[in-house]
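This report describes the aromatic pairs, helices, strands and nonpolar core of one protein model. The sequence and structure are shown first.

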Amino acid sequence: MSSSNPLLIYISNTLWERKIWPAIKKITVTTLLSVCEAIEHTPNSFELYGFDFVLDSDFHPWLLEVNLSPACSERTPWLTTMLDSMADGLIDIVSARLPIRTACKASNEKYNRWVKVYDMKKLMGKIKINIGSSDLTLSGHKTNDLYAKILDRHYMKEQAARVITRNAKMWLAKQKVKALKQLLSRIS
């Protein structure tokens, strides 16, 4: 980062590597782990996620949102350069996994600013994240996906039956009111 702003120099030289970047990596990994069972895995494909963070007054990163297939439109010269570099790095990562590729870059090497922040094989067990004065622990066990899907289907069917029943009752009530009005108009 090239700037004469003392705050930006302090962040880039001190806080980024020591505090901000490690926290962003932990939040990103924990977020992906929390939904990994819900993500549809398609062989021979990948998905790009955009993680949006904001820093508080103590330079603690907070996750704002995660975008599926984020828009990568070029708005400024700086963004154009970053997106071009990002796309080149993404192609390097994808092509390194192709069976026809004989030489593969080391797993810790950066691919045009892409950095591997998580290896599923190395990280098993609990993940702890320090948020202020409290710890947030992500723990649990793998559920039976088939059983969960069956339960979800039963729940959705039950919800649909409730909606249909409610609508049918409302329709019947309207029909009764309509018939009653017709009967009263004949009498009067």
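## Aromatic residues

The model is predicted. F53 has a relative accessible area of 23% and is therefore partly exposed, since buried residues lie under 20% and exposed ones over 50%.

Across the whole structure, a search finds 2 aromatic pairs. In one of them, the ring centres of W16 and W21 are 5.7 Å apart and the planes meet at 25 degrees, so this pair is stacked; planes under 30 degrees apart count as stacked. W16 has a relative accessibility of 34% and therefore counts as partly exposed. For W21 the relative accessibility is 24%, so W21 counts as partly exposed. F51 and F53 also form a stacked aromatic pair, with 6.5 Å from centre to centre and 15 degrees between the planes.

## Helix α1

Helix α1 spans residues 6-35 and contains a kink of about 80 degrees. The kink is centred on W16, a residue whose ring is stacked with that of W21.

Several residues of α1 are buried, namely I11, L15, I20, A23, I24, I27, T28, V29 and T30. With residues up to four places away in sequence left out, I24 touches W16, F53 and P61.

## Strands and hairpin

Strand β1 (residues 49-55) and strand β2 (residues 61-68) run antiparallel and are joined by 7 bridges. F51, a member of the stacked pair with F53, has V66 as its bridge partner in β2.

The hairpin of β1 and β2 has 5 residues between the strands. F59 is placed in this loop between β1 and β2. Although F59 is not a glycine, its phi is positive, at about 65 degrees.

## Nonpolar core

Which residues make up the largest nonpolar core? It consists of 5 residues: I11, L15, I20, I24 and F59. I11, L15, I20 and I24 are among the buried residues of α1, whereas F59 comes from the loop between β1 and β2.

## Helix α2

Helix α2 covers residues 77-96, a run of 20 residues. From its first C-alpha to its last, α2 reaches 29 Å, close to the 28 Å expected at 1.5 Å a residue. The buried residues in α2 include L79, L83, S85, G89, L90, S95 and A96.

Definitions and conventions: Residues are numbered from 1 along each chain as its sequence is written. This is a predicted model: local features need pLDDT of at least 70, side-chain atom pairs count only at pLDDT 80 or more; totals for chains, interfaces and linings use all residues. Side-chain values use heavy atoms; hydrogens and water are left out. Rings of Phe, Tyr and Trp (its six-membered ring) pair if their centres lie within 6.5 Å; planes under 30 degrees apart count as stacked, over 60 as edge-to-face and the rest as tilted. Buried means under 20% relative accessible area, exposed over 50%, partly exposed in between (1.4 Å probe, protein chains only). The bend at a residue is the angle between axes fitted to the seven residues ending there and the seven starting there. Helices (H or I, at least four residues) and strands (E, at least two) are DSSP runs, numbered from the N terminus. Two strands pair if DSSP finds at least two bridges between them. A nonpolar core is a set of buried Ala, Val, Leu, Ile, Met, Phe, Trp, Tyr and Cys residues joined through side-chain atoms within 4.5 Å. Contact means heavy atoms within 4.5 Å. The expected span of a helix is 1.5 Å times one less than its number of residues.
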